[in-house]
Amino acid sequence: MADFPTTARVVIIGGGAVGASALYHLAKAGWSDCVLLEKNELTAGSTWHAAGNIPTFSTSWSIMNMQRYSTELYRRLGEEVDYPMNYNVTGSIRLAHSKERMQEFERAAGMGRYQGMDITIETPKEAQERYPFLEVHDLEGTLYDPYDGDMDPSQLTQALAKGARDMGAQILRFTPATGVRREGDEWIVETEKGEIRCEFVVNAAGYYAQRVGEWFKPYGGRTVPMMVMSHQYMLTEEIPEIEAYTKEHGKLPLLRDVDSSYYLRQEKTGLNLGPYERNCKAHWVTPEDPMPEDFSFQLYPDDLERLEWYMEDAMARVPLLGQSGINKVINGPIPYAPDGLPLLGPMPGVKNAFEACVFTFGIAQAGGAGKVLAEWITEGETEWDMWAVDPRRYTDYTDEDYCVQKGMEVYGHEYAMHFPHHEWPAGRDKKLSPNHDKVVELGGVMGAYNGWERANWFAKDGDDTSEDSTHTWNRQGPWTQRVKEECEAVRDHCGVLDLPGFSRFWIQGEGADDWLRGFCTGGIPKAGRMNLIYVSDSRGRILTEMSCIRLEENSFVLITAATAQWHDGELIRNSVPEGVTVRETTTERDTLIVTGPKSRAVLSGITDADLEQGWLTHQWATVAGKKAFLIRVSFAGELGWEIHAENADMPPIYQAVLDAGAKPFGMYALNSLRIEKGYRAWKGDLSTDYTLLEGGLERFVKLDKPFEFTGKAAIQNEKQQGRKKAFVTLLVDAGESDAPYMSTLWHDGQVVGETTSGDWGYRVNASVALGMVRADLAEAGTELEVEIYGKRFKAVVQEDAPLWDPQNERLRA
């Protein structure tokens, strides 16, 4: 082939809506020397049979950002690239059957308003005025989204493809990629028609992404965490009443009965019903049902029995539906990641490889996904914090069993409410602490944290630990009294928390100290001490936080959050110089947090450690006769130690601490305790949506050190110009619920910021929120309002110090 490109900057594998959007946005960023490979015709995968709904609604801030951007792009795209597109912006009505669902709607509407979208809460009667064929007698209320709509997925893909081609990018159809290999700093992408040498590769292969992902395993890759669901929707014959209505008023809004779990959309002059059924079906997961080499433009056989309940429910809701026959059934493959969100960002463990795959709502998210991916590749960072979709959010626990269980659970609960105290039951017990059996025996009600099982709270006989009891947005539940008792034990006596999964990296070798000084924004500790360090991106935003423990001149341990394991591991490994080694011991060791005013007394009888050593020191010692590493620090804000030890040695240590009188406490109590101290949590309070200066972390930035660090110039500039937002602690006159993540903050009728986390503080006996506000409002005593599930409550800015023990006297005791 004369025109076959042998080189490119980026090769994208997969020609669906997401792949085409990535190509379009790369070209728009000036990277026109990019190639997209599609083994069949564009849109031949999930894009081809997608229903094409374009919602903006989400309770995830980053997904809402992506979907909002998509709708903005699609409204102008046809004209911009001179390609006709049927984008029907009909608006949509979501139906609520319960008070809890209305609270969720209020929360999403608040987030939408903050992002500039006029999403409104309406009565059932108002919904009926918008949709006269609707039965509303049993509804609690509705949410109206004027930006919702639908589009022909193939037109969208072709428009993006045309735009990309017009800017110089290339698309090769009927050119399957067959493999990849690495030569020096370059990728070679193999195809049946020849090889393309490139700098970056993108896996945008949709439901084939796992197969493509296997090619990257020799270069540090892993099996892509995903599975494939069978999703059916049906199209009715024409309905005369709808035809008449459309002539007079235009298309009906899209309906989503989220509690019954289906959408109902006008299709020409008939209806399109798409349920997400509980008794759903996974495909291509057994040897009897292998994934075909090529499933382009193909469907599964109809399986309508699974949908009977949903069809009957929809007919009762919109009786017109029952008066029409079914014209066509579409049953096609849709990929699912274990949490239902796509994989978008750097491919874990693999240099210069990216993922833009496993999109369950690819048409709605394609526009935003292309923007985000192009930023990742061309700038190395994204405008919005995208941790919710970052492929590194999963680690090594996502085996096939986990992916299938979680995929089916998410599909069957596609519109489920994600309550703050609810834990999903599928795919559990993937990573267990050496103390797991003991923790459960003590009443531990478990939660999963990056696959690790940790106790959220400890139940007593007679406490309700059912899943149903957690279906509430309210603070109160069977856990409330127990969490209060656990916090009081830490305040007045001594508590112990078993905390498996801390990510640990041992850094050693000549020059490790100088590397660290240039890696983080601030200072590093002396030997025998520890401190917090922060890493910035090029814009001065918060990339991560770690505990830095200095053992010797050139020997350090960096400890970071369980969820940050692959993110921070990659950050460290990609930046250490020659001669400095990184050894990870995340899974070989366990941690106990032993904390409270009596913790010294509890430990004194079971350890030979020097318990008079000061705050932020560390030492090797024996505890219960076992070798352990003690760090004088406490995320709970009381006198305390972290005890780190080999897994095999941990059960006797845990037992000895319990026998010495410590009370077990869980993650709910820890969250309450840390929020009273203003301690930030990673990817809530600490994210790339904020700069270090906005985050109130200036004391961890040393602009005068003789080391260049990433983001230094941006931080210097921001210091001169002044920060736009400022981190604050708020006391909230809350009602039944504390402020969830991303609750809107108001002042004088204007939106002025958002909360980053909120909880009840049992030591200060008040509802506490951490948040970001316009910098001029960060003065202590400023009165704001925080919007919690649609209602506004008074919130007062506090002094820039912890609410509990502001002088840290208890910590240093």
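Which elements do the buried residues of H15 pack against? They pack against strands E18 (343–346), E23 (503–508), E25 (542–552), E26 (555–560) and E27 (581–584), and against helix H14 (512–519). Contact here means heavy atoms within 4.5 Å. Helices (H or I, at least four residues) and strands (E, at least two) are DSSP runs, numbered from the N terminus.

The model is predicted: local features need pLDDT of at least 70, side-chain atom pairs count only at pLDDT 80 or more, and totals for chains, interfaces and linings use all residues. Residues are numbered from 1 along each chain as its sequence is written, and side-chain values use heavy atoms, without hydrogens and water.

H15 spans residues 565–573. Its buried residues are Gln 565, His 567, Asp 568, Gly 569, Glu 570 and Ile 572. Buried means under 20% relative accessible area, exposed over 50%, and partly exposed in between (1.4 Å probe, protein chains only).

Now the nonpolar cores. A core is a set of buried Ala, Val, Leu, Ile, Met, Phe, Trp, Tyr and Cys residues joined through side-chain atoms within 4.5 Å. The largest has 51 residues. Val 10, Ile 12, Leu 77, Leu 156, Val 202, Leu 344 and Ile 377 touch the most other members. Elements supplying at least two residues each include strand E1 (7–13), helix H3 (61–81) and strand E11 (194–203). Helix H10 gives the most, with 9 residues. Beyond its neighbours within four places in sequence, Val 202 contacts residues including Val 10, Ile 12, Phe 354 and Ile 377. A second, separate core of 50 residues includes Phe 105, Ala 282, Trp 682 and Leu 693.

Cysteines next. The whole structure has 0 disulfides, a disulfide being a pair of cysteine sulfur atoms within 2.5 Å. The sulfur of Cys 198 is 9.4 Å from the closest cysteine sulfur, in Cys 34, so it is too far for a bond. Cys 198 is buried at 2% relative accessible area.

Finally, charge. A salt bridge puts a side-chain nitrogen of Lys or Arg within 4 Å of a carboxyl oxygen of Asp or Glu. The count is 66. Arg 589 and Glu 646 meet at 2.9 Å, N to O. This pair links distant parts of the chain, strands E28 and E31, 57 residues apart. Arg 589 is buried at 9%, whereas Glu 646 is partly exposed at 39%. Lys 247 and Glu 243 pair at 4.0 Å. They are 4 residues apart in helix H8, so about one helical turn separates them.
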